[in-house]
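Okay everyone, thanks for coming. Have a look at the model on the screen, and I'll walk you through a few spots in it.

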Amino acid sequence: DPAVKRDSVEADELSQRAEKKARVDDENGGGGGEGEEAESENVLCGFKTSNVLNDSAREKTMFIRGKLADQEAVVILEKTPIREDTLAELFSSSTLKLEMKNDIYSTYRLHAPPHLNEIKTTVVCPATEKHVTKYQRQESSLVEETGEDYQSITLPYIQKQTFSVQWVYNILEKKAEADRIVYEDPDPEVGFVLLPDFKWDQKQVDDLYLIAIVHQRDIKSLRDLTSEHLPLLQNIFQKGKEAILQRYNLPASKLRVYLHYQPSYYHLHVHFTKLGYEAPGCGVERAHLLADVIQNLQSNPCYYETRTLYFPLRANDGLLSKFKEAGRL
Ligand code: GTA
């Protein structure tokens with residue numbers, strides 16, 4: 001089967017790259033850029049849980065609010081996918097405990113070696129109230145935002161209330177994650193940085209997730225885009241797809257390339273995920289395909305300034321209260 005063959009080639013390439021990176025880190029004294037691969041101090045040993053904000057047995061994730069050295073923190077735990085290239089080791093090096101046996105059926109608890117049983121862990125510290133709100137399980141409501149609503153309700157709100165984009169500037173200025181950059185076009189007008197999203201552990205292409213962050217600093221979101229930005233958008237689309245093909249052997253036909261509206265971070269960025277991977281926020285109520293965005297701007301230069309846009313807001317989102325106060329919900 002060519003698909004199976006391609007997947008195993010991809011897995012081989014990823015593991016070869018991981019091995020190469022480990023060798024490079026060893027040669028450099030284990031300093032894998034901000035301790036990415038190197039063992040780091042357990043900053044979580046003093047973490048005190050306050051409450052669980054959200055969890056999902058299906059997605060095997062838990063979002064926990066707590067205190068880290070008296071600072072508010074959010075910790076996200078996520079069990080990682082089982083990788084085909086580790087199966088041989090998983091079967092030969094684990095211990096098995098029988099749970100039940102019935103005819104041809106049996107179930108076991110498999111105790112894998114620790115390095116094959118990792119939990120991807122994300123720490124936000126100090127976390128703001130807005131982070132806590134974002135990660136909390138909440139009902140959502142679909143909001144209808146006209147161009148005027150954006151000017152009178154959304155824009156004033158996001159000018160005061162957004163998450164810091166310091167992490168974005170750190171990437172653009174190579175102060176963080178510089179060793180993770182997959183591709184960069186340094187042009188100040190149409191340039192961008194393409195790198196793995198922090199939701200992707202880069203161990204397998206099945207859940208590939210990269211983001212392209214533009215060098216221009218004054219484009220907040222989809223709403224700011226006009227036909228003037230077409231060269232920028234086309235550049236990201238073209239070069240982003242080429243870079244992913246080259247690095248991960250994944251053709252454009254296997255990619256979902258989109259923008260979020262509303263985003264969490266108001267500095268223009270584009271999401272590149274593998275088609276078939278249900279990334280958080282890839283649903284029709286939030287994701288706008290870059291190919292559609294380009295076509296819409298080609299047919300109407302002010303499309304996103306004037307169109308009514310629909311998006312979900314969580315019950316505890318301050319922007320939802322603003323829409324309610326304005327009688328728009
Ligand atoms: N490389 O420092 C960073 C960084 N930060 C702070 C955010 N991102 C980063 N990437 C790098 N380094 O895809 C990424 C985010 C996101 C993108 C911003 O930048 O992972 P957006 O502005 O449209 O915001 O995109 P979005 O999509 O709302 O943010 P996010 O964080 O993805 O949240 C959406 C939902 O995904 C959450 O409500 C939650 O349910 C889920 N989620 C968030 N983080 C995780 C996680 N680590 N594991 C599992 N699920 C998660």
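This is a predicted model: local features need pLDDT of at least 70, side-chain atom pairs count only at pLDDT 80 or more; totals for chains, interfaces and linings use all residues.

So, the shell around the ligand: its residues split into 11 nonpolar, five polar and eight charged. Residues are numbered from 1 along each chain as its sequence is written, and side-chain values use heavy atoms, with hydrogens and water left out.

Which residues come nearest to the ligand? Out of 24 around it, they are E177, D197, K199, H260 and S264. Being near here means that one of a residue's heavy atoms lies within 4 Å of the molecule or strand in question.

Now some polar contacts. That's a pair of N or O atoms within 3.5 Å; within protein, one must be able to donate a hydrogen and the other to accept it, and residues adjacent in sequence count only if both atoms are side-chain atoms. F198 has a backbone N or O atom 3.3 Å from a nitrogen atom of the ligand. Y265 also uses its backbone: a polar atom there is 3.0 Å from a ligand oxygen. With H269, a polar side-chain atom sits 3.0 Å from an oxygen atom of the ligand. On its own the ligand would expose 890 Å², and the protein buries 90% of that. Those areas come from the Shrake-Rupley method with a 1.4 Å probe; for residues, only the protein chains shown count as cover.

Which elements give two or more residues to that shell? They are β3 (71–79), α3 (129–135), β10 (209–214) and β12 (269–274). Helices (H or I, at least four residues) and strands (E, at least two) are DSSP runs, numbered from the N terminus.

Next stop, Q216, in the loop between β10 and α6 (230–248). Is Q216 buried or exposed? Its relative accessibility is 15%, so Q216 counts as buried. The cut-offs are under 20% relative accessible area for buried, over 50% for exposed, and partly exposed in between (1.4 Å probe, protein chains only). A polar atom of the Q216 side chain lies 2.8 Å from the backbone oxygen of E189. Leaving out residues up to four places away in sequence, Q216 touches P188, E189, L232 and H267; contact means heavy atoms within 4.5 Å.

Now over to helix α9, residues 318–325. L319, L320 and F323 are buried in this helix. Looking down the axis of α9, the buried residues fall within an arc of 105 degrees, so they line one face. That arc uses the directions from the helix axis to the C-beta atoms. As background, an α-helix has 3.6 residues a turn, so residues three or four places apart point the same way. And what covers the buried residues of α9? The cover includes β7 (140–145), α4 (147–161) and β14 (309–314). D317 caps the N-terminal end of α9, with a side-chain oxygen 2.8 Å from the backbone nitrogen of L319. Just after the helix, G327 takes a positive phi of about 70 degrees.

Finally, zooming out: the protein has nine helices and 14 strands. Of its 329 residues, 40% count as buried.

Key
Ala, Val, Leu, Ile, Met, Phe, Trp, Tyr, Cys and Pro count as nonpolar, Asp, Glu, Lys and Arg as charged, and the others, Gly among them, as polar.
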